[in-house]
Amino acid sequence: MEYNIALVKGDGIGPEIVDSAVQVLEKIGARFGHRFHFAETLAGGCAIDALGVPLPEETVQTCLASDSVLLGAVGGPKWDSLPANLRPEKALLGLRHALGLYTNLRPAKIYDALRDACTLRPDIAARGFDLVIVRELTGGIYFGERGRREGKFGPEAYDTEAYSVMEVERIARVAFETARKRRKNVVSIDKANVLETSRLWRETVHRVAQDYPDVELSDMLVDNAAMQLVRDPGRFDVVVTSNMFGDILSDEASQITGSIGLLPSASLGEGSRGMYEPIHGSAPDIAGQNRANPLATILSAAMLLRYSLSRTAEADCVEQAVDAVLKDGWRTADILGGREGRALSCTEMTEKVLERI
Ligand code: IPM
Ligand code: MG
């Protein structure tokens with residue numbers, strides 16, 4: 001088969017880690033008989049520097065014309081003082097919106113080989129966990145009305161959270177469908193003791209649940225969820241939550257796996273086109289030094305093969321290669337922990353994965 005993949009390398013370590021994932025896709029292509037055509041396009045700080053805007057229209061068009069999008073990371077201190085509508089993050093939000101990617105899947109599991117890197121108590125790490133956060137991605141407070149105004153105490157700012165029944169229904173369905181392919185358990189996270197959007201969220205998720213009698217559903221308040229994630233992460237299978245809560249909880253979930261450098265993500269909409277990216281950022285402190293961990297981006301390419309191209313064997317092959325490399329004891333600096341030995345560079349780690357494929 002032939003596939004068109006848009007590459008948004010972005011800023012900081014983005015170009016290095018996307019190059020690694022491209023090599024992995026090419027290797028998969030050679031082994032399984034596919035051809036990948038890559039179209040590189042600018043977004044984030046590099047687009048601001050080259051074209052004056054974080055998300056050029058041409059980038060949106062290139063992504064829309066592709067089968068899927070692979071993204072590195074955007075942002076960095078250089079662009080931090082720009083006004084909100086010119087910040088690199090605007091590119092991410094704009095792409096999610098323009099491509100209609102309302103679902104964000106963020107799996108977090110602990111690798112056997114990396115239990116010693118887990119920051120939780122050893123008995124909790126030993127029990128293991130394997131969960132996926134289904135985060136709503138194009139609604140809520142991220143996209144609500146916001147502004148500045150004169151308030152009771154003088155000048156003030158506001159952001160608003162709004163959720164329609166339709167938006168909650170469709171993300172709830174994704175969560176239940178995801179659970180059906182896993183351990184059939186959904187925890188819906190909200191703040192229904194305070195927020196009206198959360199009460200609508202809860203009502204709607206329960207209504208959708210009636211179509212999935214084989215899946216167990218429970219509710220959890222977000223503050224409690226933040227605590228349970230570090231107390232007993234093994235109790236979670238599928239977590240479904242709003243844009244903002246999902247943003248926060250997914251960073252927490254990534255940390256307890258031992259390294260944010262290992263976690264991929266998929267953003268999906270109605271069709272098969274998606275956007276795949278590591279959940280970590282652009283790490284400007286190590287950019288250009290060949291020290292980044294490419295595994296989260298390589299695993300994002302595996303998710304691309306699985307979800308957008310329906311290439312299950314190819315996706316399994318990449319994931320098993322990463323597993324094997326970790327079992328063999330190979331580590332980049334971020335997952336070396338207190339171990340003996342030398343950390344691999346980004347390109348060396350990529351080589352190890354290519355050899356395994
Ligand atoms: C993420 C990031 C983004 C978000 C930022 C960079 C806009 O934190 O993908 O989790 O908040 O969604
Ligand atoms: Mg985040």
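Q: How many Å separate the centres of domain 1 and domain 2, taken over C-alpha atoms?

A: This is a predicted model. The protein is divided into domain 1 (1-102 + 268-357) and domain 2 (119-256). Taken over C-alpha atoms, their centres are separated by 25 Å.

Q: How many residues of domain 1 and of domain 2 are in contact, and what area do the two domains bury between them?

A: Contact here means heavy atoms within 4.5 Å. On that basis, 6 residues of domain 1 are in contact with 12 residues of domain 2. The two domains bury about 820 Å² between them, and 70% of that is on carbon and sulfur atoms.

Q: Which residues are around ligand 1?

A: A residue counts as near the ligand if one of its heavy atoms lies within 4 Å of it. Here the shell consists of Glu89, Leu92, Arg96, Arg106, Arg135, Tyr142 and Asp247. By class, 2 of the shell residues are nonpolar, 5 are charged and none is polar.

Q: Which helix gives the most to the shell around ligand 1, and which domains does the shell draw on?

A: Helix H4 (residues 89-98) gives the most, with 3 residues. Domain 1 and domain 2 each supply at least three residues to the shell.

Q: Which side chains have a polar atom close to an oxygen atom of ligand 1?

A: The cut-off for a polar contact is 3.5 Å between N or O atoms. Among the side chains that qualify, Arg96 has an N or O atom 2.7 Å from a ligand 1 oxygen. For Arg106 the corresponding distance is 2.8 Å, and a polar side-chain atom of Tyr142 lies 2.5 Å from an oxygen of ligand 1.

Q: How much of ligand 1 does the protein bury?

A: Taken alone, ligand 1 exposes 320 Å², and the protein buries 75% of that.

Definitions and conventions
Residues are numbered from 1 along each chain as its sequence is written. Chains are lettered from A and ligands numbered from 1 in the order in which they are written. This is a predicted model: local features need pLDDT of at least 70, side-chain atom pairs count only at pLDDT 80 or more; totals for chains, interfaces and linings use all residues. Side-chain values use heavy atoms; hydrogens and water are left out. A polar contact is a pair of N or O atoms within 3.5 Å; within protein, one must be able to donate a hydrogen and the other to accept it, and residues adjacent in sequence count only if both atoms are side-chain atoms. Accessible areas come from the Shrake-Rupley method with a 1.4 Å probe; for residues, only the protein chains shown count as cover. Helices (H or I, at least four residues) and strands (E, at least two) are DSSP runs, numbered from the N terminus. Ala, Val, Leu, Ile, Met, Phe, Trp, Tyr, Cys and Pro count as nonpolar, Asp, Glu, Lys and Arg as charged, and the others, Gly among them, as polar. Domain bounds come from an automatic or database domain assignment. Buried area is the accessible area (1.4 Å probe) that two parts lose on being put together, summed over both.
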